[in-house]
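Biologist: I'm new to this one and would like to know what the labels rest on. Can we go through them together?

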Amino acid sequence: MQDMREPEDIFNPRHYDSVHRRYDEAHTLPAWCYTSKRFYDRERERIFFKFWNCIGHHTRVPNPGDYFTQMFCGVPLIVVRGKDMKVRVFINSCPHRGSEMLEGEGNCKMIKCPYHAWAFDFEGKLYATPLIGETDTFKMGDHNLVEIRLETWAGFMWINFDPDAQDLMSYLGDLPQRTAPWKTDEMVCVSRREWPVKANWKLYMENFSDGYHVPFVHQHTLNFKKVSKRDFHDPTRYLGNYLMHYTYFDGTRGVREHQKKLPQLDLPEELKVGTFFPVVHANTMMGFAIDMVSATEIYPDGPENCTLVTSNLVPKSTAELPDFEEIYAQYLENGNVVRDEDVLAAERQQKGLSSRYNTRGCFTPQDKLVHDYNLWILDRVVGNAAP
Ligand code: FES
Ligand SMILES: [Fe+2]
């Protein structure tokens, strides 16, 4: 029996040597990678604060003054649309003495701090400090909000904390080109739902790239559609910060055979089968299907908790169908059951991994993509791979 307590020298590469073997001889990540605060803190620094992260569809803030707040890996954020229609992201902490400024979501005329009523415009500029005027030592221009980079792709807003990070489109490599036939920029977002998960964020990400669990975890749901083939990511062929698999099956998995279906998208023949599943590092899992596109954002809330948020997109013409609500309700209901099954699987795994008594696991040909994903994590957290 191995003692899997977190070692003092947790970032010593020797602890991870056996993960680097060929997948069929490799060990899984040690259990402490899913429970350790130190490992998690490095993931925040080297992954979440370095890579591009999706924070939802741009229609979350359609009008000037529309805003929402988001806790991102312990950093409170405000996302707000300006009068110039540009969406900006600021740290939700007042430059005076640090108060959180906005809560929840809504529409505002300005960003006003509730503590001493300092007011900022939607470009983050401080413009009012009640009872206090400018002096030789106090200049309003020195106290603007801290802005984070935001760029958009596929109708989604993506943020990056690293001022030196490459722009989003070069970061995505060939992914925009591979997904261009879905015309996601022209789609509308028809739902956004949130799930709290009592598991390390990696367990859910791994599950997304693991086709092995489908016949068992989804025995009575997704499994009704037999998968004939899966293509796995080949980083020598495709460029960009993502990992993908392509699952082949006939028709849609969104509803059962007897249930009403959404119209198929206008896709080239070779894409009219199955679903293309890219994981865009760091926080996004996407599904490009024959009748819709989905994106799931993952927000780590510490080493043993995370929150998932899924948005679904369809073409405007689909959303305008007279029976759309009725058909889509069935898609959502089925999707929620599948999601609950995956969440339960991740939470069970977390429980199992939380003990100091554990073995180092292994990979099979069916979950080898999880191995690739773990190597990607290790290269960043333990190694010195550049973003
Ligand atoms: S902390 Fe915000 S105005 Fe004082
Ligand atoms: Fe699943």
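Modeller: Let's start with a cut-off: a disulfide is a pair of cysteine sulfur atoms within 2.5 Å. By that rule the structure holds zero disulfides. Keep in mind that this is a predicted model, where local features need pLDDT of at least 70, side-chain atom pairs count only at pLDDT 80 or more, and totals for chains, interfaces and linings use all residues. Residues are numbered from 1 along each chain as its sequence is written, chains are lettered from A and ligands numbered from 1 in the order in which they are written, and side-chain values use heavy atoms, with hydrogens and water left out.

Biologist: How do you know that cysteine 54 is in no disulfide?

Modeller: The nearest cysteine sulfur belongs to cysteine 189 and is 9.9 Å away, whereas the cut-off is 2.5 Å. Cysteine 362 is in no disulfide either, with the sulfur of cysteine 33 as its nearest, 16 Å away.

Biologist: Is cysteine 54 buried or exposed, and what makes it so?

Modeller: Buried means under 20% relative accessible area, exposed over 50%, and partly exposed in between (1.4 Å probe, protein chains only). Cysteine 54 has 0%, so it is buried. Cysteine 362 has 58%, so it counts as exposed.

Biologist: Which protein atoms count as donors of the iron ion (ligand 2)?

Modeller: Donors are N, O and S atoms within 2.8 Å of the metal (3.2 Å for Na, K and Ca); water is not among the atoms, so sites may look incomplete. Here they are NE2 of His213, NE2 of His218 and two OD atoms of Asp342, lying 2.0 to 2.6 Å from the iron ion.

Biologist: Why is the arrangement around the iron ion called irregular?

Modeller: Four donors count as tetrahedral if all angles lie between 85 and 135 degrees; four count as square planar and six as octahedral if opposite donors are over 155 degrees apart and all others between 65 and 115; anything else is irregular. The four donor atoms here subtend angles of 54 to 149 degrees, so the arrangement is irregular.

Biologist: What makes histidine 218 and aspartate 342 a pair that ties parts together?

Modeller: Histidine 218 sits in the loop between helix H5 (214-217) and strand S13 (229-232), and aspartate 342 in helix H7 (residues 324-353), so the pair links parts 124 residues apart in sequence. Helices (H or I, at least four residues) and strands (E, at least two) are DSSP runs, numbered from the N terminus. Histidine 218, at 1% relative accessible area, is buried, and aspartate 342, at 8%, counts as buried too.
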